[in-house]
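Please keep the coordinates open and find each element as it is named.

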Amino acid sequence: MSNSTLKNLLFGTALVIAGMTSGCKSPRSSGPSGTSSTITSNAQPAKISVAVNQPGHKISPTLWGIFFEDINLSADGGLYPELVRNRSFEDSEKPDFWKLSNDASGNSTAAIDSSRPLNTFNTHSLRVNVDGAFALQNEGYWGMNIVKGDSYAFKMAGRVADGFNGSLTVKILSSTGAELASGEISGLDGNWKYHTLELTASGSDPKSKLQISASGKGTLFLDMVSLLPEKTWKDHGLRTDLAESLNNLHPAFMRFPGGNWIEGDDLAHMYHWKTTIGDIDSRTPLWNTWGYNTTQGLGFYEYLQLCEDLGAEPLFGISCGIALGDKDVPLSQMGQWIQDALDAIEYADGPTNSVWGGLRAQAGHPAPFHLKYMEIGNENGGPNYAARWALLVNAIRAKYPEMKLIATSSLQNGSHPLNPRPDIVDEHYYESPESFMRRATQYDKYDRKGPKIFVGEYAVTQKAGLGNLRAAIGEAAFMTGMERNSDVVELASYAPLFVNMNHRAWNPDLINFDSSRWYGIPSYYVQQMFSENRGNVTLPVQVNSPLAEVAPSKGMIGVGTWNTESEFKDIKVTSPDGKVLFASDFSQNSDGWKKLGDGDWSVQDGALQQHAEKEFVRAIAGDKSWTDYTLTLKARKIGGREGFLILFHITGDDDRTWWNLGGWNNTQNAIENGGTIDPKPGQIETGRWYDIRIEVSGKRVKCYLDGQLVHDVNYESDGQVNALYACASRDDQTGDVIVKVVNTGASPLETQLDLVGAKNLTGQATATVLTSASRLDENSLAEPTKVSPKTVAVNFTGATLTQTFPGNSFTLLRLSATK
Ligand code: AHR
């Protein structure tokens with residue numbers, strides 16, 4: 001029996017006391033690691049005690065919100081329901097997403113034209129050199145969702161030259177070419193003019209397309225060709241089902257418009273809200289770091305309106321003058337950024353006789369939007385950020401002292417600016433399920449005198465599939481800790497929110513959609529369950545829990561890079577008995593290696609080379625069932641910012657269990673497995689071959705560089721996790737006691753629940769349970785609610801009940817009480 005299998009059978013007992021008093025620390029035993037007799041003697045029944053008669057602090061009413069980022073085509077191609085893709089022809093120097101076809105005798109051509117733009121913000125238009133009969137088609141974002149009986153507003157700007165005097169036929173066609181709606185446009189002349197049609201569909205097809213056809217001779221120019229559904233959510237221009245999917249989460253706030261998106265790839269691609277307001281055709285399209293051009297149809301005004309319609313506090317994230325890769329605007333030129341921040345507040349909240357408040361009123365909203373939260377930057381840190389933070393905060397506080405200003409924390413070391421003191425600090429976590437479970441107690445120890453916390457982005461991203469139950473269970477465990485400590489955690493939001501399933505730039509994502517359908521991953525239901533059952537005041541809980549089983553350690557090996565070019569050779573995997581399990585052969589090719597991420601791989605001189613300076617680039621090989629082994633190889637850095645990633649125990653494409661050499665901008669070596677383990681100063685020299693050796697045995701890993709032992713650690717950074725995590729609260733309106741319990745173990749756990757000091761319980765309760773047959777189960781378009789909560793009635797007498805929590809489950813108990 002391997003060590004890992006043995007460990008898998010072991011249980012110990014841990015005790016968590018949480019939230020008994022504000023700021024208390026949680027004693028947490030790591031439990032025994034030894035023999036079966038220890039297990040038996042330590043096995044205590046699982047028990048949760050809720051001090052119903054000792055209510056704690058108020059729960060932050062803004063605790064559970066959402067974070068909308070324009071990522072994964074979540075705005076264009078998603079919530080903003082423009083059906084035409086590349087309507088303003090700004091995507092590139094070619095008419096991307098438009099197809100021109102001629103009839104047998106026709107010879108028309110189409111190209112981008114910049115000779116006489118529609119306006120200064122939209123420099124491109126489409127020029128069709130008309131020669132006979134032609135048809136232009138646009139399929140939108142993998143098909144347009146057209147619904148029988150619904151009306152669609154068609155609008156385009158057009159002009160003609162060189163004698164073209166034909167009319168245009170505009171049709172909506174099904175994917176098989178059947179006509180669903182049709183109209184005519186005539187009267188085009190030599191000047192840009194808008195033309196509109198209302199098209200009502202005679203049939204439905206989620207993969208429809210738009211066609212514009214004509215015949216004749218001459219030149220036709222088109223711009224801003226738009227097809228929008230007339231039915232939108234609350235008549236405010238957004239896709240109804242997707243807006244409803246947000247509304248069903250009852251978010252208390254919405255952070256927008258993004259993280260990396262507001263930073264931009266460089267100074268020219270930072271997000272500036274002023275280019276996103278006003279007439280749709282005078283907004284400036286912008287290349288989005290997530291791989292597409294953004295129309296800005298979902299602009300600052302629409303975001304604020306969406307917040308209002310959701311009943312959510314707006315939380316606006318503004319660029320701090322630092323782009324991705326730490327490219328920054330010189331301090332002496334920060335004036336525009338400061339002015340932008342001040343004007344954003346005036347636009348949202350200022351009087352209608354102010355410049356920017358007036359523009360808001362003109363857009364249709366004279367009343368203020370009540371913007372109270374503003375975040376400066378995204379994931380920035382260090383002295384460059386501190387200097388820009390100070391400039392922006394001093395200016396904003398001088399004019400708007402009530403504004404709650406949020407600082408970001410450094411991705412490198414978690415630090416945040418101290419001067420001026422932030423009201424709130426934003427922390428981001430993308431980790432494994434177990435790391436999240438361990439984080440369930442992190443705020444129990446948080447300094448109550450420091451700034452409040454905004455967990456602005458969090459999600460289980462490792463071993464998560466496309467969003468599986470286990471990931472949701474990890475997040476639920478963490479959320480019990482945030483709710484229990486919501487005297488300091490004021491706001492929290494999962495990330496990212498949306499993905500158009502045809503453009504997945506990040507995984508997992510809470511809400512997956514195509515042109516006509518959506519589903520929530522299991523994490524969606526965790527968010528909903530917490531948000532709908534927040535309660536008003538915490539009730540202290542004491543949890544006696546066994547330790548959860550440890551998943552067996554096993555998996556493939558791999559090599560990778562982060563913003564670096566490197567090469568690898570002589571890669572060998574040997575089992576403890578000396579058997580060679582794997583030996584690389586790069587004499588011809590790299591067959592058998594699975595490439596992950598945006599890499600540029602080739603083989604040369606018997607080595608596997610990676611030439612793209614991108615993040616998170618990997619090549620993996622071997623067998624997922626390998627447990628204990630020694631991995632040896634040679635690695636050499638060719639260029640770039642960091643060193644190498646040497647992967648081990650990989651079971652999924654997104655796993656990040658690796659030895660990071662020369663990480664953190666070539667400053668340190670560490671094991672990473674959801675957290676950073678055993679960091680040591682270290683640098684990788686360019687051009688030098690290194691000998692690397694990794695020995696794994698169960699969760700123990702020994703790492704050697706050029707024969708020197710660098711790490712000898714357990715790569716689960718902080719030992720085992722508990723089976724049970726819990727928090728409790730009281731709903732002041734109903735008097736209900738709400739207990740949220742997560743069982744992270746694989747097996748059902750019978751648990752005694754004591755409601756200490758409860759006098760007015762009715763004996764009636766409901767248990768809403770999120771679980772599934774396998775921890776890896778996911779939802780999909782075909783089975784959208786496969787992993788979704790089910791509610792059952794529970795009856796009990798007195799103030800104690802015994803409840804069995806299924807393995808890998810999140811249970812919400814609502815115990816009714818008379819007030
Ligand atoms: O949520 C996806 C991305 O993760 C955000 O853009 C960024 O802030 C973070 O790194």
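1. Two strands are said to pair if DSSP finds at least two bridges between them. With that cut-off in mind, please look at strand β2 (residues 46-51) and strand β48 (residues 749-756), which are joined by 6 bridges and run parallel. Please also keep in mind that this is a predicted model.

2. The strands concerned, β48 and β51 (residues 800-805), pair over 6 bridges in the antiparallel sense. In general, the strands of a sheet pair through backbone hydrogen bonds, and they do this in either a parallel or an antiparallel way.

3. In what order do the 5 strands of the open sheet that includes β9 lie? The order is β5-β6-β14-β9-β12, and the pairing is antiparallel. At the edges are β5 (109-113) and β12 (193-200), each of which pairs on one side only. From one strand to the next, the twist averages 30°.

4. Within this sheet, strand β9 (residues 151-161) and strand β14 (residues 217-229) run antiparallel and are joined by 9 bridges. A position to look for here is Lys155, which stands opposite Ser226 in β14.

5. Another open sheet has 7 strands in the order β34-β37-β31-β39-β40-β41-β42, again with antiparallel pairing. Its edge positions are taken by β34 (594-596) and β42 (676-681), and because each has a single partner strand, one side of each is left without a neighbour in the sheet. The twist in this sheet averages 15° from one strand to the next. For a pair to inspect, take strand β40 (residues 658-662) and strand β41 (residues 668-672), which pair over 3 bridges in the antiparallel sense; Trp659 stands opposite Ile671 in β41.

6. Turning to helices, two packed helices are described by the angle between their axes and the distance between the axes. Helix α3 (residues 240-247) and helix α5 (residues 300-310) pack at an angle of about 55°, and their axes are 10 Å apart. That angle makes α3 oblique to α5. The crossing in which α3 passes α5 is right-handed. On the α3 side, Ala243, Leu246 and Asn247 meet Leu306, Asp309 and Leu310 in α5, and by class this contact has 4 nonpolar, 1 polar and 1 charged residues.

7. How are helix α10 (residues 469-484) and helix α11 (residues 522-532) placed, and at roughly what angle do their axes cross? Their axes come within 8 Å and cross at roughly 25°. Angles under 35 degrees count as roughly parallel, and that is why α10 is described as roughly parallel to α11. The crossing of α10 and α11 is right-handed. The α10 residues in contact include Leu469, Ala472 and Met479, while those in α11 include Val526 and Phe530. Taken together, the residues of the contact of α10 with α11 divide into 7 nonpolar, 3 polar and 2 charged.

8. Finally, is Asp103 buried or partly exposed? Asp103 lies in the loop between β4 (98-102) and β5, and because its relative accessibility is 38%, Asp103 counts as partly exposed. As an exercise in relating sequence to space, compare Asp103 with Asp598: they are 495 residues apart in sequence, and their C-alpha atoms are 40 Å apart in space.

Key: Residues are numbered from 1 along each chain as its sequence is written. This is a predicted model: local features need pLDDT of at least 70, side-chain atom pairs count only at pLDDT 80 or more; totals for chains, interfaces and linings use all residues. Side-chain values use heavy atoms; hydrogens and water are left out. Axes are lines fitted to C-alpha atoms, for helices over the stretch in contact, and angles run from 0 to 180 degrees between N-to-C directions. Helices (H or I, at least four residues) and strands (E, at least two) are DSSP runs, numbered from the N terminus. Angles under 35 degrees count as roughly parallel, over 145 as roughly antiparallel, 65 to 115 as roughly perpendicular and the rest as oblique. A crossing is left-handed if the near helix is turned anticlockwise from the far one by less than a right angle, and right-handed if clockwise. Contact means heavy atoms within 4.5 Å. Ala, Val, Leu, Ile, Met, Phe, Trp, Tyr, Cys and Pro count as nonpolar, Asp, Glu, Lys and Arg as charged, and the others, Gly among them, as polar. Buried means under 20% relative accessible area, exposed over 50%, partly exposed in between (1.4 Å probe, protein chains only).
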